[in-house]
Amino acid sequence: MSDAFETGDATPTGTPGPDDVLSVRDLSTRFFTEEGQINAVESVSFDLREDEILGVVGESGSGKSVTALSLVDLVETPGRVTAGEVWYRDPDLAEEFSGNDGVRVDGDHVDLRTVPPSVRRSLRGPSFSVIFQDPMSSFNPSITVGEQIAEAVEVQRRARANPRSTRSRTQGYGLGKYLLDGIVPGRDYTSEGSMERAAELLGQVGIPDPEERVDEYPGQFSGGMLQRAMIAQALAGEPDVLIADEPTTALDVTIQAQILNLLKEIQADRGMSIVLITHDLGVIAEMCDRVCVMYAGEVVERGTLDSVFEDTVHPYTQGLLGSIPDVDDPQARLKPITGNVPSLVDAEMDDRCYFADRCPKAMDACLDKPPEATVADAADHGAKCVLADREYDPADALPDDYFGGSGDAADPDAEAATDGGDGE
Ligand SMILES: Nc1ncnc2c1ncn2[C@@H]1O[C@H](COP(=O)(O)OP(=O)(O)OP(=O)(O)O)[C@@H](O)[C@H]1O
Ligand code: NI
């Protein structure tokens, strides 16, 4: 894995470049369920550059959240990351582990999949933070919001004070876990200074009367306020990378816009990198520098915002874009493309383009799985589609009923899959 990063190729391969805060390579995550093996994330690769917002978009079930969880090692049983590399740029960590057998280090980057789990955990907060759609999942209902944010501040301060010591990081996290589990009452462990910082952070995310609200419990916050508090908690660690999974989906439009603006301001202020997961192409257009489009666990198109939105290659991306009238309208949401999201059960996955049965441009060539190809004249634009390097010729189209009834006979909506021809 020591080939140099190839610039000019849309598909990220090889080891990370100096501007990559995070370089993900061939990451795969499976769930081992009674129904069989579910290929939720399938060989996903991408680079997250310094100071950018990378959007991840796709229909429900396309693997966005599982990808996010895989990055921070939070996939729960019966799921497991089964393959891949997660290169994180951290010179201290790289130095700490260089020469350590079994840990892959490349310059300033460390493959987090090879470091001990305790070290991965210790990076959550000071290096990576995740904000989820449901803020209740991030807060313990029986500890005040202020204490929980203050605790994140403390973890960060300990990590900063002694960045090279894996031991201190791990202890920091361990304490945090106790607090979150409610085993140890927080008051004794959070200093006045970190409580003040917590109030300051709540103020920064637009919570009125933060000095009073630090002492309230999560249940006393409205949904929008708790979402803000969760952002404050995520920022408390001053992470390099913020992963925001549908951070505003549950909120009404006005608050949604406020929170997105807030995220954008904070990102610019602090020079963080953000992975922003959303259904909402309006949000992507508003916020992101580059985009990954996911389908059936794979990244099927990637590139700068302009290249993906304006020189769209993949008919799936076209479908997503075509399903909203105006990408500048922040209220626009993805409307479903005709047909169904494919089964991700390993045994039911055909070895062809997973979108072919819903694709208005499906051809013979789509019956073999297309590799990701760089789009002509656009070094940073790639698509897993035969149309990346050839024109569509209607003469090559598969017959309309080619996939008719196959595979999803048990599905009551199956007939929708056969009228995909008017998807454009
Ligand atoms: N706990 C689980 N057990 C089994 N399968 C799971 C589990 N969690 C996720 N999956 C599988 O992983 C696939 C991807 O799910 P994921 O939550 O990443 O989709 P998503 O793109 O985030 O969708 P949404 O937009 O609805 O949040 C799902 O279709 C499902 O099959
Ligand atoms: Ni999700």
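A residue is called buried if 20 or more other C-beta atoms lie within 10 Å of its own, exposed if 12 or fewer do, and partly exposed in between, with C-beta atoms placed from the backbone. The model is predicted: local features need pLDDT of at least 70, side-chain atom pairs count only at pLDDT 80 or more, and totals for chains, interfaces and linings use all residues. Residues are numbered from 1 along each chain as its sequence is written, while chains are lettered from A and ligands numbered from 1 in the order in which they are written.

**Exercise 1.** State whether Glu 238 is buried, exposed or partly exposed, and describe its phi.

Solution. Step one: find Glu 238 in the loop between α8 and β8 (241–245); helices (H or I, at least four residues) and strands (E, at least two) are DSSP runs, numbered from the N terminus. Step two: count 18 other C-beta atoms within 10 Å, so Glu 238 is partly exposed. Step three: phi of Glu 238 is positive, about 45 degrees, although the residue is not a glycine. Most residues other than glycine have a negative phi, and most peptide bonds are trans.

**Exercise 2.** Examine the loop between α1 and β4 at Asp 73 and at Pro 78.

Solution. Step one: Asp 73 has a positive phi near 60 degrees and is not a glycine. Step two: with 17 other C-beta atoms within 10 Å, Asp 73 is partly exposed. Step three: the peptide bond from Thr 77 to Pro 78 is cis, its omega being near 10 degrees.

**Exercise 3.** Which strands stand at the edges of the open sheet, and why is one side of each left without a neighbour?

Solution. Step one: write the order of the 5 strands, β2-β1-β4-β6-β5, with antiparallel pairing; two strands pair if DSSP finds at least two bridges between them. Step two: β2 and β5 (105–106) are at the edges; each has a single partner strand, so one side lacks a neighbour in the sheet. Step three: β5 pairs with β6 (residues 109–111) over 2 bridges, and Val 105 has Val 110 as its bridge partner in β6.
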